[in-house]
Amino acid sequence: MRIFLIAALLILINGLFGWFINLPQDVGPDVPQGKLNSMSYAPFREGQSPLEEKFPSVEQIDEDLRLLSQKTHTIRTYSSAWIFSKIPELARKHGLKMIQGAWIGFIKKDIRTELQELIHAANTYPDVIKRVIVGNEVLLRGEMEPEELIGYIREVKAAVKQPVSYADVWSMYMKNPQLIKEVDFITIHILPYWEDQPIPVEQAPAHIAKIYNIVQQEASTIAPGKPILIGESGWPSAGRQRGWSVPSVTNEATFIRSLIKIATEKHFDYNIVEAFDQPWKNALEGVIGANWGIFSTDREEVFPLTGKVYQNPHWLQQFGYACGIFLIGAVCYRKQLQAFSTAHTAVFLLFLHLLSIALVSLACQAWNTSYTTEHYVQSILAVSLNTLLVILLAQRASDIFNKKAANQKVGLGLYLLYVLFVVLAIYRTYTLATDGRYISFPFILTTIPVFGLLGLMITHYVANKPLPEKTLALNTLIGTSQSLVHPKIVGYSLIAIAVGLIIGETRAFMVGRDFILENPDLYRRFGRALIFSITNLQLVQWFTSLILLASAFLLSSQRSKR
């Protein structure tokens with residue numbers, strides 16, 4: 001009965017805490033009529049990719065457009081060839097208008113096909129296709145010179161009656177003002193998350209208005225009165241934090257509601273990126289690139305355009321899984337728990353419950369951000385290793401409270417797992433430090449190892465009241481003197497790579513072209529870049545994890561000397 005009551009109390013407390021932090025949030029005024037002006041549409045689902053020429057079926061596109069007709073008046077497409085040639089007819093069926101695009105790049109043969117299909121579609125479906133866009137960020141990618149691009153724009157303008165434009169980040173129009181003369185309307189992408197100097201979501205509407213005004217002023221000196229379309233603007237729902245730009249479901253909803261509000265007030269023409277999450281973009285831009293959709297890959301609403309928004313609408317289900325794992329663990333240790341004092345029982349069960357919650361949370365996150373067979377295999381392997389670690393941590397905590405001699409098999413297993421997780425963490429940190437723009441922080445490698453160390457430290461202290469230093473030493477915590485690698489090598493490697501991460505993140509900001517323009521003074525630029533780095537909460541969490549792991553190894557080295 002004592003064990004049951006403590007377990008029930010822990011479930012109740014953690015359940016109330018989970019409910020509280022997952023309450024629906026007010027993210028701004030509703031989108032008028034629950035419908036957007038325009039939305040980017042790429043039809044790819046899981047397992048499909050333009051990079052591999054794996055395209056959706058006509059039936060799948062028809063299903064998508066039926067869904068989108070309830071959420072937007074217009075869709076913007078990026079290609080006119082292949083399966084995309086079927087979209088205008090289906091858009092007409094569902095009462096949607098289109099901003100039709102042609103994808104142009106390195107391959108000349110594909111350019112000719114795209115332009116021919118674009119011209120054919122625009123002339124065949126003038127009631128559906130109201131504007132056309134020749135090329136998307138081709139100058140930003142460095143795939144074409146402006147003169148060649150202008151030639152294609154002129155070719156399409158001569159062949160269609162609809163207004164013609166080119167789409168790129170706003171700074172490309174500032175760098176190539178001759179484009180303003182050539183297009184019928186200026187299409188700019190304003191993505192505060194991707195700015196060289198990242199913008200927090202609260203400041204994003206003001207930033208968009210500022211950039212719009214800059215482009216408008218530049219255009220007024222070249223082609224007064226020329227229309228401007230914000231061709232892409234959005235916010236990611238998951239992935240890596242950049243400076244003060246934090247991806248989340250509620251931030252994506254906040255951004256879009258705020259954008260619609262300011263667009264309505266200032267009469268901006270806009271297009272939201274994008275309709276559906278695009279798993280194939282993970283190959284180019286990591287988790288962050290795959291999660292900009294209003295709808296998920298499974299065609300479920302990521303968040304509503306009206307009403308309050310849940311950051312994690314599946315939290316209760318996940319909490320249920322965690323409670324199931326916790327109760328199984330409690331049943332497995334019921335005989336040992338009967339010999340514990342009430343305080344020891346409470347600490348052990350709390351440790352077990354929090355480990356269960358962390359395991360389920362990490363497993364769900366890993367699975368939801370897996371997009372290929374390789375990703376799923378990696379996720380299963382990572383979750384399996386974390387599950388094994390949880391089992392060994394629970395056994396070690398039980399042995400400590402039972403005041404048993406350290407189980408060498410358990411200790412060796414814990415040691416090998418910690419070394420493995422540390423090696424993987426060092427490698428991933430190296431990639432984050434050297435080229436981490438599209439790489440998410442792999443918390444699945446450090447969360448349970450660090451939490452396990454802290455839990456065992458508290459367990460040791462409650463059971464034995466040792467000196468603080470002793471409670472932090474890895475060999476004391478896990479109960480083994482085995483050492484395949486000298487603890488100092490591991491500890492100092494972790495510290496070095498953690499410092500390298502701060503340096504790499506700071507450097508990444510400092511070399512940004514627009515960041516340099518906004519901060520021409522070297523010392524001021526360094527200061528701003530460093531502030532963006534050390535106030536990145538995801539980076540701070542990862543850095544702290546590495547330092548805690550390093551401390552455990554270094555203190556283990558000191559203990560072995562004695």
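Modeller: Let us start with a single pair in this predicted model: the side chains of Arg-92 and Asp-127 meet in a salt bridge, with 3.0 Å from N to O. This pair links distant parts of the chain, since Arg-92 belongs to helix α3 (residues 87-93) and Asp-127 to the loop between α4 (108-124) and β4 (129-136), 35 residues apart.

Biologist: What is the general idea behind such a pair, and how many salt bridges does the count come to?

Modeller: Side chains of opposite charge can pair when their charged atoms come close. In this model the count comes to 18 salt bridges.

Biologist: Are Arg-92 and Asp-127 buried, partly exposed or exposed?

Modeller: The label follows from the relative accessibility, where under 20% is called buried, over 50% exposed, and anything in between partly exposed. Arg-92, at 40%, therefore counts as partly exposed, and Asp-127, at 34%, counts as partly exposed too.

Biologist: Which residue forms a salt bridge with Glu-63, and where do the two partners lie?

Modeller: The partner of Glu-63 is Arg-45, and the closest N and O atoms of this salt bridge are 3.9 Å apart. Because Glu-63 lies in helix α2 while Arg-45 lies in the loop between β1 and α2, the pair ties together parts that are 18 residues apart in sequence. Glu-63 counts as partly exposed because its relative accessibility is 38%, whereas Arg-45, at 14%, counts as buried.

Biologist: How far apart should the ends of helix α21 be, and what does the model show?

Modeller: Helix α21 (residues 522-534) has 13 residues, so at 1.5 Å a residue it should span 18 Å, and this agrees with its end C-alpha atoms, which are 18 Å apart. The buried residues in α21 are Arg-525, Ala-529, Phe-532 and Ser-533. Seen down the helix axis, the buried residues of α21 fall within an arc of 100 degrees, so they line one face of the helix. At the start of α21, a side-chain oxygen of Asp-521 comes within 3.3 Å of the backbone nitrogen of Tyr-523.

Biologist: And the strands: in which sense do β1 and β2 pair?

Modeller: As a general idea, in a regular strand the side chains alternate between the two faces of the sheet. Here β1 and strand β2 (residues 72-76) pair in the parallel sense over four bridges, and Ser-40 stands opposite Arg-76 in β2. Strand β1 (residues 36-40) is mostly covered, with four of its five residues buried.

Biologist: What does the whole chain look like?

Modeller: The protein chain has 22 helices and eight strands, and its C-alpha trace spans about 85 × 50 × 45 Å along the principal axes. Of its 562 residues, 55% are buried.

Technical notes:
Residues numbered from 1 in each chain as written. Predicted model: local features only at pLDDT ≥ 70, side-chain atom pairs only at ≥ 80, totals over all residues. Heavy atoms only, no water. Buried < 20%, exposed > 50% of the residue type's maximum accessible area, 1.4 Å probe, protein only. Helix = DSSP H or I, 4+ residues; strand = E, 2+ residues; numbered from the N terminus. Pairing = 2+ DSSP bridges. Expected span 1.5 Å × (residues − 1). Arc of directions from axis to C-beta. Polar contact = N/O pair within 3.5 Å; in protein donor to acceptor, adjacent residues only side chain to side chain. Salt bridge = Lys/Arg side-chain N within 4 Å of Asp/Glu carboxyl O.
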